[in-house]
Amino acid sequence: MTKPSLPELLHAAVTAVGGVERPGQVTMAEAVAEAIDDDSHLLVQAGTGTGKSLGYLVPALAHGERVVVATATLALQRQLVERDLPRTVEALHPLLRRRPEFAMLKGRSNYLCLHRLHEGMPQDDDEGLFDQFEAAAPTSKLGKDLLRMRDWADETETGDRDDLTPGVSDRAWNQLSVSSRECLGASKCAYGAECFAEMARERAKLADVVVTNHALLAIDAIEGAPVLPQHEVLIVDEAHELVSRVTGVATGELTPGQVNRAVRRAAKLVNEKAADALQTAAESFEKLMELALPGRLEEIPEDLGYALMALRDAARTVITAIGATRDKSVQDENAVRKQALAAVESVHAVAERISNGSEYDVVWYERHDRFGASLRVAPLSVSGLLREKLFSERSVVLTSATLKLGGDFNGVGASLGLAPEGSGGEDVPQWKGLDVGSPFDYPKQGILYVARHLATPGREGSRGDMMDELAELVEAAGGRTLGLFSSMRAAQAAAEELRGRLDKPILLQGEETLGELIKTFAGDAETCLFGTLSLWQGVDVPGPGCQLVVMDRIPFPRPDDPLMSARQKAVEEAGGNGFMAVAATHAALLMAQGAGRLVRATGDRGVVAVLDPRLANARYGSYLRASLPDFWYTTDRNQVRRSLAAIDAAAKQDGK
């Protein structure tokens, strides 16, 4: 029997999921197949509506070697595992004459821990273990969550937190889950044979396609202890998010609360001298943190340096002492020791890292209204790490609706550790960039309006002219507005102002869960939804519910953002343009994602309005505009009001 062609396989898969074949999807599938066959790397931009998940799944399944697919969001992981993969596997089975297996794999703390469920969790203040079910009142929210989880544990096959609906609070989940550091290990745990996390790993080892998240991919790369099974092909979807997720995993944090918890957990397991030394170091650190002012520490102040070295040394002594002790009077001693060790090791690792003072790390203080001060350390760049760990062992395909910034892939490529496209060299990973376009006719479906007449936004202060403009645009659109703001304060101010001015419902992020807000927004055409970062890329509302997307200003990083400003400075010191490489690239990615909220289907019409004249007037404006969908561009405020009114009237005529 002849081997089925890629177009045949793609046709079968698209039919099975009830989709429509797009030319861009075919182009993408062929390029992915070529990259896999050549053992090369591909960056592929596929606009909304291309059907990019099938564009990579079909060639990956046809290839036959193990493939890992890493995504940034839970929504896409679920879509792949619950919808796209089952249907695609069924559709391809008769053609491939085999049925590829697939599995989902997440970090250990995403799975219910049976040891915690049955034995309780080690408690800081009591001898032995703490029974959550007895301690939490059955009528309290926590008590109800825990009882529901106990019942769910008997029914669930996966133990995966995301399969528990409705969900539970972090506080409840944390009582019945463990981090990889706290885990006893399957061989030492009484419940190792039925452990949900271990079963997920076993399923992944047998699967042809393993779906995971960027964070686990980063842990696999950074920590050197493989979590993912061996694989020949890596596909990174939502790849515009990868650098920030890897940075997040590689960021360390120390807080007084965390250090004090480690002290309490270790105190009962080690000799008094070791416990006292850690307690004293913790107290000195806490006193310093009370005075900490937010901002970057270009050099570690002397008093902080001493406090960190004391913490590091005391923690090391305690780690050695815990390893050598055995105390049969402590109930479930192994679990108590493991939790204490995990807490102290975490403190030791961060204190040592900051004390060592690498030139490749950025250190800063942060202050949080609720949690107080924290000391943080993050890599100046993750590009070297990604180049070495991601691209050396396998073929990598990175895809997203937004990878091409300012007209090419080199900006995103550089952040991933890749040299400019086409650069040669033995140790330089070879890669190709491909933009397969979008099925949407952007110049006919959307308008990009820049309010050129407004004053340039300052760092602080009210923007009266911007509020007037926003109110007029929302009025002309008949509601139907997604407001994307650069800060929560700006979103709150705009919601307050417009609630007083307009007779339209204004929803505000934070006043209800994000899922509920988006549902209400999509269900009522007159409603507006205002918010900040997670709305820039988390909203999918096709149809007339979202016909105006407003950005209050270009979303550059804050000038006092310690990590971004350090990265910008490093580029400048190396002779590059720090502003374009860091700030403008950051803004371009966010704006491309934000503008992508407007057109989600072939019938959608609307306006993206940017209330920041710099997009029209500044030198970097053309770079940012080139990163957005190819909408019809105007700065004519009267034209845009007429267009919005016409779009609103057409939607009302259709009864929407």
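Student: Which backbone nitrogen does the side chain of Asp 604 reach?

Tutor: The one of Arg 600, at 2.8 Å. Keep in mind that this is a predicted model. A polar atom of the Asp 604 side chain also lies 2.8 Å from the backbone nitrogen of Gly 543.

Student: OK, and where does Asp 604 lie?

Tutor: In the loop between α24 and β19 (606-610). Asp 604 is buried but has no salt bridge.

Student: Then what's the nearest side chain of opposite charge to Asp 604?

Tutor: Arg 600 again, with its side chain 6.6 Å away.

Student: What else is Asp 604 in contact with, leaving aside neighbours within four places in sequence?

Tutor: Gln 445, Pro 542, Gly 543, Leu 598 and Val 599.

Student: Switching to Glu 238. Buried or exposed?

Tutor: Glu 238 counts as buried because its relative accessibility is 13%, and the cut-off for buried is under 20%. Glu 238 has no salt bridge either: Lys 52, the nearest side chain of opposite charge, is 6.3 Å away.

Student: So what does the side chain of Glu 238 make a polar contact with?

Tutor: The side chain of Thr 73, at 2.7 Å. Glu 238 also touches other residues, including Thr 71, Leu 76, His 214 and Ser 400.

Student: Where is Glu 238, and what's its phi?

Tutor: Glu 238 sits in the loop between β7 (233-236) and α11 (242-249). Its phi is positive, about 50 degrees, although Glu 238 is not a glycine. Most residues other than glycine have a negative phi.

Student: Which other residue has a positive phi although it is not a glycine?

Tutor: Asp 39 is one, with phi at about 60 degrees. Asp 39 is in the loop between α2 (23-38) and β1 (41-45), and it counts as exposed because its relative accessibility is 55%.

Student: And where is there a cis peptide bond?

Tutor: From Thr 165 to Pro 166, with omega near -10 degrees. Pro 166 falls in the loop between α7 (141-155) and α8 (170-175).

Student: Back to charges. How many salt bridges does a search of the whole structure find?

Tutor: It finds 35. One of them joins Asp 648 and Arg 480, with the closest N and O atoms 3.0 Å apart. That pair links distant parts of the chain: Asp 648 is in helix α27 (residues 637-653) and Arg 480 in the loop between α19 (464-477) and β15 (481-484), 168 residues apart. Asp 648 and Arg 480 are both buried.

Student: What about Arg 501 and Glu 497, where do they lie?

Tutor: Both are in helix α20 (residues 488-501), four residues apart, about one turn of the helix.

Student: Which residues are linked in a network of salt bridges?

Tutor: Arg 312, Asp 313, Arg 316 and Glu 352 are. Within it, Asp 313 and Arg 312 are paired at 3.0 Å between the closest N and O atoms.

Student: Last one: at what angle do α23 and α24 pack?

Tutor: About 150 degrees, with the axes 7 Å apart. Among the residues making the contact are Met 564 and Val 571 of α23, and Phe 579 and His 586 of α24. The contact residues divide into six nonpolar, three polar and two charged.

Technical notes
Residues are numbered from 1 along each chain as its sequence is written. This is a predicted model: local features need pLDDT of at least 70, side-chain atom pairs count only at pLDDT 80 or more; totals for chains, interfaces and linings use all residues. Side-chain values use heavy atoms; hydrogens and water are left out. Helices (H or I, at least four residues) and strands (E, at least two) are DSSP runs, numbered from the N terminus. Buried means under 20% relative accessible area, exposed over 50%, partly exposed in between (1.4 Å probe, protein chains only). Lys and Arg count as positive and Asp and Glu as negative; His and the chain ends are not counted. A salt bridge is a side-chain nitrogen of Lys or Arg within 4 Å of a carboxyl oxygen of Asp or Glu. A polar contact is a pair of N or O atoms within 3.5 Å; within protein, one must be able to donate a hydrogen and the other to accept it, and residues adjacent in sequence count only if both atoms are side-chain atoms. Contact means heavy atoms within 4.5 Å. Axes are lines fitted to C-alpha atoms, for helices over the stretch in contact, and angles run from 0 to 180 degrees between N-to-C directions. Ala, Val, Leu, Ile, Met, Phe, Trp, Tyr, Cys and Pro count as nonpolar, Asp, Glu, Lys and Arg as charged, and the others, Gly among them, as polar.
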